[in-house]
Amino acid sequence: TAGHRIAIDYYGSTDTSENVATGASSGTQIAGYSATTAQTEAMILKSVPTVALVALTDTVLSNSTMAIFKFSVAADVKGDIDLYKFTFKIATSGPAETTALAIDDITLVDVTGGIETTLNASTSNFYVSVGNIVESVLLASPGTQNLATTTRTVSAGTTRIFELRASITGSITGASIKTQLEGDAAKVVLVGGTLWERDAVEADASDDFIWSDLSDVNHTNTLFDSTVTDYLNGYLVSGLPSSATAQQTVSK
């Protein structure tokens, strides 16, 4: 069952009534071999994503709308996955005059195969949270910045490529913009051995990357359907460190 977790451990008892091995040739019995182990659990899933950075075409900062971060998400050949939420962290640096540097109109664009689909288009008011964290959520409500009407499906064995773009204005000489995709350091804190409703994952403290393995037979990728129980966060997603990916930098 998707979401169930399993760990196989060695029971380190030296009691021959509990734990004994007999040599096939010697007949010698060995009781115990090591201390009891405590392996990290593995999670059973229908399919899994893999995240990877994609090199930016242009890394020279300019007063224009440009890509500041680019990445891909691949689905395992075992099945499709749905992507619901990405969280990005943006930081600026440079001389004092770069305080006039403005990053506005942040958009998340699917550029797979050269066909562009804008999933999220925010305004400058969306870039105000503590720590310069910008959430780009594939969510139709609340707000009007979210243009996607469904989660983004990555078909089995295929890859989708995404760009985070921004409108850059102001003083750029000596300035740089560093962007990274946030990961999740812990699994969702909920009781039970299966996956969860999307809203429950988003309500968890670790909710920076949310996706589905489409294991619920009632799964629908509409953004308003929060009843299916096949969502989880970015914990242990391949290519997505628990804190964040490496930074991508554009500078002048």
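Predicted model: local features only at pLDDT ≥ 70, side-chain atom pairs only at ≥ 80, totals over all residues.

I started with R5, which is partly exposed at 28% relative accessibility (buried is under 20% relative accessible area, exposed over 50%, partly exposed in between; 1.4 Å probe, protein chains only). Residues are numbered from 1 along each chain as its sequence is written, and side-chain values use heavy atoms, with hydrogens and water left out.

**Salt bridges.** I searched the whole structure and got ten salt bridges (a side-chain nitrogen of Lys or Arg within 4 Å of a carboxyl oxygen of Asp or Glu). R5 pairs with E41, with the closest N and O atoms 3.3 Å apart. E41 is partly exposed too, at 32%.

Next I checked K85, which bridges to D207 at 3.1 Å between the closest N and O atoms. K85 is buried at 1% relative accessibility, and D207 is buried at 12%. R152 and D110 form another salt bridge, at 2.9 Å, N to O, and both are buried.

**D184.** What is the nearest side chain of opposite charge to D184? I found K85, 7.8 Å away, and D184 is buried without a salt bridge (Lys and Arg count as positive, Asp and Glu as negative; His and the chain ends are not counted). A polar side-chain atom of D184 does lie 2.9 Å from the backbone nitrogen of D208.

Key
Polar contact = N/O pair within 3.5 Å; in protein donor to acceptor, adjacent residues only side chain to side chain.
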